[in-house]
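Please keep the sequence and the model in view while reading.

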Amino acid sequence: MYVSTISSIITPMKLLSDNIIKRRRIMQIILLAFFVFAAIYPETASAGSSKKENLDYRRMMLKNDHLEAGNIYYKIEMYEKAVDQFERALEIDPQDKKAAALLDAAKNKMGIALKPVMPREEEKRLKKLEAERERGVRLEAKKREAEEAAIKKAKAREAISEAKRERQAEEKTRREASNASKAVSKTTSPAKEEKALAPVEPLPEEPVQIKPVDESEKAVSEAPAVEQTQPVQAPPAKEEKEILPVTPAEKPVQTPPVKEEKEILPKTSAEEPVQTAAPDKSEKAPSLIPGKTGSAEPVVVNGDKVEYFHEQKRVIGVGNVSIEYKDVLLTCEKITVYLDTREAIAEGNVRVAQKGAFFTGDKVSYNFDTRQASVIDGYLNANPFYGRAKEVSKVANKDQFNLDYGYMTTCDLDKPHYRIQSKQVKIYLGDKVVAHHIFFFVGKVPIFYFPYYVQPLNEKKMHITVIPGNRKEWGYYALTSFRYYLDDKNKGDFLLDYRSKKGLAAGINHYYTVPNMGNGAFKVYYADDNGKAAFDHMGPEQTRYRYQARHDWDMAEDTGTKVTFEFNKLSDPNVIKDYFYNEYEELGTIPDNYLSIVTQKSEYSSEFMVRKSFNNFYNVVERMPEYKFDIPNLKLLKDQPLYYKLNSSAVYLNYAPATTTYQNNVFTNITPQPKDVNTARVDVYNQISYAARVFKALNLTPYAGVEETYYSKNIWDDKNLIRGIFKAGLDASIKFYKTYNVTSDFMGLNINNLRHVITPTANYYYSHQPTISKNNLNQFDAIDTLTSQNGVVLGLENRLQTKRLEGGQMKSVDLATLYITSDWAFTQDNGNTTIKYGKFKTLDFELDLIPYSWAYLVAKASINTKTNALQTSSVDLVSTGGDKWNLSAGYRYAKISTGLTSLFTNGWDTQDWNQGVSTGLTNLFTMDGMYKISEKWRIRAYERFNIKNVSFQEQEYTISRDLHCWIGEFTYNYRSNGDQSLWFVLKLKAFPDYPVGLKRTYSRPRFGSTSTGNIQ
């Protein structure tokens, strides 16, 4: 475009110069003719002046309508320049047909553009001629526009109301946790009467100096409007004073009704101006700033007074300004929006809310397209963090805020209890906070310096942890943890611990993520036990350690494959118990070393496993390797319920016994050294079943199968043996139910009809005597212990249901469920199938009561039918009152012998099991409760009471104090062996996770659980 314009100017000048030089006489004749023509027709020479005067007159007539004048005069001036250009071209070359055609077109368009500025009477006369014909069309169009405007207003008001409700709910929670007084600050403009300001956020403890306005910014803010409008004058500098903090929840930003309406429509064409109907003063409407090409959403400016300046292409709003654009809500006292760049300069109590965060300041620069912002002396609220800085900026097209020369904290007070101060703090919404060279302040006192700080927002663990305490086995101790953050995929903790009776210990826990290959962790812990740093030496000096690695990889969903790897190497069998006691009790004493690849699909499942022993003080059955392949139930016939089932495995088994013992911190070799026992085994079980329904209610599923097992050798070293077992059985079940028309809210049970469902079941099983006795095999697992069986498992399920309103719909819920099961075993005569007599093995009960959504009870019991005595029982009651209180109570009873390996495992832990084996009886009561005394104080108690010995086996008490942005916890723990522990934790409310596994937890049963298991 620029090249063609320059060419159009240079070419006529060159032609003119050539003509002057070569045809000087011809030019003299032409000039003489021009002056003669002007003398004969003087009115022609003055036409341009007359046209200009007429145009100025019409401009004066429309001086009050900036929008219409701006659109029209912009085009008129453009056409005038084009006419002048083409006329000059024709003066140089009268034969230029292209210039002549363009000149006619420009004059025609200028005439069209001049039509709207015709005298009022002429304009009315012309419009009246077409009024009758276009009346219906205009009325219909106006009606549609009014409906669309009403819809837009309703949506805008609803969105603003929703934003206000969300802010009020968010700030209500903060206000309840805050004990600081809140006040409303007022500022006074020198040119206006004093009026209340919108709520502002807390300033730093010292007033921040306002940065002088840049000359370029000053030029923009003071740019003149069109000549009929008084330019906007920058207000005189206000006296700097400290403003008391006010939370947004106390006084949400109000959007007043618009006092002046203006509608700015986007241009539809460069040739024809947009026709704008005269506004209806009775209908209030905001000002619309059209988006860029391709943008469907304009910027809606609401304010007491909104003006549009065409020549400068800007909109100015004054008084109670609010703009809602997509997910952004901006409020201020004055705003200037530039149409070309879509940038806005907001002044006076500015607040910009976006995506769970908002920032405030006296002056904010904001771009509605890139969402880039800059605030001088700004405040940022990005839950859970708050920050103040000399400049707060938002990065374009990113959810990232930068705080330059400021601080960050989770305390919302004007003078925060603590803060992290740095040259620049970067906050990535919903992701992390990053800062370099930070100082950690408590009040006004600097406590720590760190060269690098990262706090992920998706974690609930503090960055720095220090836990002091006292314990019988450790003495006085301090456990410290520092979180490091390399990037989003690599982070971890540095551990540095001191125990007066043991000495120094250090470790590192590194957590990583491999893109498309899962995540895992490396953990290393070293302790200089009884080293030089220990005050009270409890034994010989030795180095104790623990290495742990784990990786989990869920492959693509279509493969259904999960890979798990775990490695554990210990210095001795007691290192976990001595340094990680809760992990020892909850996870057991023997850590595992294995690699597992499991594929689970609807048609089949497979598993590849390798298990290896790396600690010579444990007895381990190694699998080097093992492969399993199972087909759950494959339908063989399309129209018949005939199913095939396969369970198969191939494994090389090696029993690696312990070669050393560890007592009194000393290793001793076992003599003579035990030898490994190994064999190769292939096991295949094929089964056919048929699922039938009789009398439309009775479900019968008979099945039969053969299990064959290959052994490379037996205990007598015989080679290549195959064991065979025939299995058969029948599963039967039937369901009865009755509905009772009962409606009651007695004790808040909310009962809407009752349905009682009874489901009796019977599962008959038969296994023939194996071709090889289990006494001739090395017994590695349950497959090697198979023997003949003949019995039936009888079950009766009673379920009481009602309907309750959930999610707007009535849904069935279980109020109570009672399971009764028993295993009846038939006795055979010399392996024959002739039944002589039978007996029950055990009688098992389980009761689940769920009367309320906030409380449930699970009770279990097992009766030994041979002695008619209770063998095991447990009762668990769990209830919660939300944040006010919660209670968990449990009872455990068991007669335990060293040969007993089957127990109900929900709620049992290693300590229960170990004590039961040593005493022959477990009879314990366990309780864990929390009560909130006030808004600031709460207490917690954990009890483990041995009913047999009438003594407390373990007690733990915690009292916590809400310190506004911190929570202080003091805990006392006592065990029956005389071990006492005291510790104190100060943790942030924003990151409440307990950093170190010291606290005891009540082992609650799974909600509605019916599972049982084994303790190995």
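Which residue in strand 46 is the bridge partner of Asn470? The bridge partner is Leu982. The model is a predicted one, in which local features require pLDDT of at least 70 and side-chain atom pairs count only at pLDDT 80 or more, while totals for chains, interfaces and linings use all residues. Residues are numbered from 1 along each chain as its sequence is written, and side-chain values use heavy atoms, with hydrogens and water left out.

Strand 16 spans residues 464–471; strands (E, at least two residues) are DSSP runs numbered from the N terminus. Its covered face consists of Thr465, Ile467, Gly469 and Arg471, whereas Ile464, Val466, Pro468 and Asn470 form the uncovered one. Two strands are said to pair if DSSP finds at least two bridges between them. Strand 16 pairs with strand 17 (residues 475–487) in the antiparallel sense, over 8 bridges, and a hairpin of 3 residues joins strand 16 to strand 17. Within this pairing, Val466 has Thr480 of strand 17 as its bridge partner.

Strand 16 is also joined to strand 46 by 3 bridges, again in an antiparallel arrangement. Strand 46 covers residues 980–988 and includes Ser981. Ser981 has a relative accessible area of 2% and is therefore buried (buried means under 20% relative accessible area, exposed over 50%, and partly exposed in between, with a 1.4 Å probe and protein chains only). Leaving aside residues up to four places away in sequence, Ser981 touches Asn470, Arg471, Thr971, Tyr972 and Asn973, where contact means heavy atoms within 4.5 Å.

Attention now turns to the aromatic rings. The structure holds 25 aromatic pairs; rings of Phe, Tyr and Trp (its six-membered ring) pair if their centres lie within 6.5 Å, and planes under 30 degrees apart count as stacked, over 60 as edge-to-face and the rest as tilted. Trp474 and Tyr477 form an edge-to-face pair, at 5.2 Å centre to centre with 85 degrees between the planes, and both residues are buried. The pair of Trp824 and Phe826 is also edge-to-face, because its ring centres are 6.4 Å apart and its planes stand at 70 degrees. Trp824 counts as partly exposed at 24% relative accessibility, and Phe826 counts as partly exposed at 23%. Elsewhere, ring pairs link Phe617, Tyr618, Tyr662 and Phe667 into a cluster.

Charges also sit over rings, a term requiring NZ of Lys or CZ of Arg within 6 Å of the ring centre and within 35 degrees of the ring normal. Arg419 lies over the face of Phe441 at 4.3 Å from the ring centre, and Arg755 lies over the face of Tyr737 at 5.7 Å.

Note on methods
Helices (H or I, at least four residues) and strands (E, at least two) are DSSP runs, numbered from the N terminus.
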